[in-house]
Amino acid sequence: MAGNRMQKIGSVFSRTRNLLRIGVIEKPLWFDVYAAFPPLREPVYRVPRPRYGKVKDVIPPIFYQEDEVRARFYRIYGSGPRPFDLSQSNYKSTCQRFVEKFNELKEEGKIEEEKLFEETGKALLASGIILQRRGTDKAAQQDHQDAETRDSLLPLQLQTVLEKIQEKKKDGEEQTPELAETQKEDPLPS
Amino acid sequence: ESFASMLRRSPLIQMGPAKDKIAVGRIFHVVEDDLYIDFGGKFHCVCKRPEVDGKKYQRGTQVRLRLLDLELTSRFLGATTDTTLLEADAVLLGLVERKQAKRKE
């Protein structure tokens, strides 16, 4: 289908009229309407007047409330564990889930402001999404040195986990898997 | 649904700034050693065929990229507007590993 999109030559109407005369396109629906009721000013491209002095065209940046959460998420965790797939329009990245969880917890209002971020991380861990902190390469080098000390700490931490499980058996079993996961995830190089 | 609400929830806005983000792309054109990869952004990116598994990169292959820039633009001295290359900038990381990838939404 032919068409002329060079917006600087004449107006849409003149371009379509010429193309029609040649016989390259068929008559569009709006052609007769435009011919009968043309606008006051023919829409020819005009170079915008150069602005002098301090007059600036203010285009407000597009910011959302979720951007604060997203900025913090990306600063701490880097790019998400899953690569982005921009071709799907209904794609939900890890960051989006994080943001939605964050907003849910915020609306519930039970957790304090400072702890909201960590709580969202733990909630995501519970649902199976593992988040790796940024700067893992530097951390891994240090971990090799600290591996021995960490091994000795592990049994102590496992003991505390066991004690907590025994204590909280009365409260309910829902919290224990989360606790166990977070306790195990925290000392591991992440 | 309005455009504004769809934009707010679109994957492009979810990604935010494109620097150092991992994305999945598809090769749509090959010119000897140059691979033209489309990852869903405004422009495609062009990468060199890597030496490891070079033959596996054909038309339609899914690859992993680290995005650097969504559009390569810069303003030259004396110009009123930026000059654009109509290309994005990305580093090719490798093929998408199908067997390890879990089935997620």
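**Close-ups of chains A and B**

**View 1. Where chain B meets chain A.** In this contact, 19 residues of chain B touch 19 residues of chain A. Keep in mind that we're looking at a predicted model. Put together, chain B and chain A bury about 1,800 Å² between them. Carbon and sulfur atoms account for 56% of that buried area.

**View 2. The salt bridge between B:Arg8 and A:Glu66.** Zoom in on the two side chains and you'll find B:Arg8 and A:Glu66 joined in a salt bridge, with 2.5 Å from N to O. The count of salt bridges between chain B and chain A is 1. As for polar contacts between chain B and chain A, there are 3 residue pairs, both residues of each pair being at pLDDT 80 or more.

**View 3. What chain B brings to the contact with chain A.** Three elements of chain B each give two or more residues to the side that touches chain A: helix H1 (3-8), helix H2 (11-15) and strand E1 (21-31). H2(B) gives the most, with 5 residues. Sort that side of chain B by class and you get 10 nonpolar, 3 polar and 6 charged residues.

**View 4. Strand E1 of chain B and its two partners.** E1(B), which also gives residues to the side touching chain A, pairs with two other strands of chain B, E4 and E2.

**View 5. The turn of the E1-E2 hairpin in chain B.** Follow E1(B) into E2(B) and you pass through a hairpin with 2 residues between the strands. B:Glu32 is the residue to look at here, as its phi is positive, near 50 degrees.

**View 6. B:Thr61 in its loop.** You'll find B:Thr61 in the loop between strand E3 (45-48) and E4 of chain B. Is B:Thr61 buried or exposed? B:Thr61 counts as buried because its relative accessibility is 16%, and the cut-off for buried is under 20%. A polar atom of the B:Thr61 side chain lies 3.4 Å from the backbone oxygen of B:Lys56. Setting aside neighbours within four places in sequence, B:Thr61 is in contact with B:Gly25, B:Arg26, B:Ile27, B:Lys56 and B:Leu95.

**View 7. Chain B as a whole, for orientation.** Chain B has 2 helices and 7 strands. From the N terminus on, its elements go α-α-β-β-β-β-β-β-β. Of its 105 residues, 27% are buried. If you take the contacts in chain B between residues at least 6 apart in sequence, 55% of them join residues at least 24 apart.

Definitions and conventions: Residues are numbered from 1 along each chain as its sequence is written. Chains are lettered from A and ligands numbered from 1 in the order in which they are written. This is a predicted model: local features need pLDDT of at least 70, side-chain atom pairs count only at pLDDT 80 or more; totals for chains, interfaces and linings use all residues. Side-chain values use heavy atoms; hydrogens and water are left out. Contact means heavy atoms within 4.5 Å. Buried area is the accessible area (1.4 Å probe) that two parts lose on being put together, summed over both. A salt bridge is a side-chain nitrogen of Lys or Arg within 4 Å of a carboxyl oxygen of Asp or Glu. A polar contact is a pair of N or O atoms within 3.5 Å; within protein, one must be able to donate a hydrogen and the other to accept it, and residues adjacent in sequence count only if both atoms are side-chain atoms. Helices (H or I, at least four residues) and strands (E, at least two) are DSSP runs, numbered from the N terminus. Ala, Val, Leu, Ile, Met, Phe, Trp, Tyr, Cys and Pro count as nonpolar, Asp, Glu, Lys and Arg as charged, and the others, Gly among them, as polar. Two strands pair if DSSP finds at least two bridges between them. Buried means under 20% relative accessible area, exposed over 50%, partly exposed in between (1.4 Å probe, protein chains only).
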